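Please read the points in order, with the model open beside the text.

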Amino acid sequence: ALITKEFSFQDETKKLSEQIINCSWFFMAWKKDPTVQSMLTVLDTIQDIFKVTHDCWDKLNNITFHFLKLEDFGLSDDLYLKMNSRGRPLTEFENFKANLIQKIKDINESKIENEPLNMNFDGEWTDLFWELSKQEKLLSFDERYLNFLRAMAIPQYTEKNIELDNEDVIKNISLLSNANNKRKQYNENFSFKKYDELNCFDYSYFKNIKRVLDNKFNDKKENIDKKEDIVLDYFNRTLFNQMTNGSSIGFADLIGIYAYFYNDTMNNPVLVRVIRNLVEAYRPYQEARTYFNSIKDMKKLHKSLAGKDEIESLDILSKWDFDKNKINVGYLEKQLKEEKIKAELMKTSNDWKEKILAIENHCYLKGKIQFLLDWSKDKEENYDFYEFEKYSKIFNILFNEHEEKNKFAGNNNAF
């Protein structure tokens, strides 16, 4: 536009960028364009450096440029990542990220919150997604990073509308999650502008992004019992990978994202384990309304156990009153009744605790062991530890985890 439109340098006391912005041909939307912002900043810098110099024009011929066509050089993605000025259109992720950065800037300038947002999109977080894309080459760096940012927006939208509860909210959740896996329609319907209209990108969204990625990068596992690392691994690795793997994410995993990343259950190993079990119990029910109602019920559990230690948490679970704390979703109530039984048994001895934790972490069970508990009852309907131990051993023999895991890799419902 500077070349094709008329422009004269009128006032040396004013910044060049201000005079350009005041021109009739300058679109106000350009003020939010990172490329235009960069160009204006450079022009202001040139003006500031050379404003007292008057013989520069005749020396411009000393500056020459050489054009090198890059297409035929077989350049790797490493160069693509490090150098944006490559003569190619910005990718979907780069445009999305630029809009997010502008959003962060607007939030910080508004000073709504005392603590300004300090994000690390192009530092350690880039290294995190770059390494992930090299390890699993099905998706590019851009795709994984963009999938993560979009996935984190869904529980954010759920949280902001949890009390509203109408069909428009359910419809938007379904579209946000790309339930029908129509990628083209998904991208067209949910551009950055659409996310912004739904108010997905606010201060709390960016704070959660920072917490999740900082923890992921530093691989923090503080305050977690080593015996329960296999459960924590579901959240730290499996769930994180699921968020980055594709444009569509299941509602079961969205419940896990909401419970873990948005309510920070990390400091309570009992809560972490129970939520993992509830998420796996939900997996057959992939529907937006059930997901939304499940989040409401899950918040009751989180409110009861958050901030409690292991002993207190087991005690609360073992005494859970289903009349007082009504659970509206059937599968949750059924699984929570099982968790109540397990909590009662785990309180009685460490033997019960160790055996329950060991068998429920089996790759085919993932917390659902009610049938083993039923088989272990004696004639008086009491739970017999030795019977439970016996049937757990039989199950492990019949379904050897290490052998069968490879045979049925990725099949959550194999058993």
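1. Asparagine 161 touches Val169 and Phe292, where residues up to four places away in sequence are not counted and contact means heavy atoms within 4.5 Å. This asparagine lies in the loop between helix 6 and helix 7 (167-176); helices (H or I, at least four residues) and strands (E, at least two) are DSSP runs, numbered from the N terminus. Asparagine 161 is buried, with a relative accessible area of 13%. Buried means under 20% relative accessible area, exposed means over 50%, and partly exposed lies in between, with a 1.4 Å probe and protein chains only.

2. The model is predicted: local features need pLDDT of at least 70 and side-chain atom pairs count only at pLDDT 80 or more, whereas totals for chains, interfaces and linings use all residues. Residues are numbered from 1 along each chain as its sequence is written, and side-chain values use heavy atoms, with hydrogens and water left out.

3. The chain as a whole comes next. Its secondary structure comes to 20 helices and 0 strands. Of the 415 residues in the chain, 41% are buried. Among contacts between residues at least 6 apart in sequence, 68% join residues at least 24 apart. The chain exposes about 24200 Å², and carbon and sulfur atoms supply 51% of that area; accessible areas come from the Shrake-Rupley method with a 1.4 Å probe, and for residues only the protein chains shown count as cover.

4. Which residues touch the most other members of the largest nonpolar core? They are Phe148, Leu149 and Phe201, in a core of 91 residues. A nonpolar core is a set of buried Ala, Val, Leu, Ile, Met, Phe, Trp, Tyr and Cys residues joined through side-chain atoms within 4.5 Å. Helix 6 (residues 141-160) supplies the largest share of this core, with 10 residues. There is also a second, separate core of 7 residues, which includes Leu16, Cys23, Phe26 and Leu40. In soluble globular proteins, nonpolar side chains tend to be buried together.

5. Helix 6 is mostly covered, with 17 of its 20 residues buried.

6. Two residues of helix 6 may be examined individually. Arginine 150 lies in this helix and is buried, with a relative accessible area of 4%. Its side chain joins that of glutamate 92 in a polar contact of 2.8 Å. A polar contact is a pair of N or O atoms within 3.5 Å; within protein, one must be able to donate a hydrogen and the other to accept it, and residues adjacent in sequence count only if both atoms are side-chain atoms. Isoleucine 154, also found in helix 6, is buried at a relative accessible area of 2%.

7. Phenylalanine 96 is found in helix 4 (residues 92-110) and is buried, with a relative accessible area of 4%. Beyond four places away in sequence, its contacts include Leu149, Arg150, Phe192 and Phe201. Phenylalanine 96 and phenylalanine 192 are 96 residues apart in sequence and 6.3 Å apart in space, C-alpha to C-alpha.

8. Helix 19 (residues 385-398) shows how burial is arranged around a helix. Phe385, Phe388, Ser392 and Phe395 are buried in helix 19. Seen down the helix axis, these buried residues fall within an arc of 85 degrees, so they line one face; the arc is that of the directions from the helix axis to the C-beta atoms. The face turned away carries the exposed residues Tyr386, Ile397 and Leu398. Helix 17 (350-360) and helix 18 (370-375) are included in what covers the buried residues. At the start of helix 19, a side-chain oxygen of aspartate 384 reaches to within 2.9 Å of the backbone nitrogen of tyrosine 386.

9. Asparagine 199, in the loop between helix 9 (192-197) and helix 10 (203-218), has phi near 60 degrees, a positive value in a residue other than glycine. Glutamate 381, in the loop between helix 18 and helix 19, has a positive phi of about 65 degrees although it is not a glycine.
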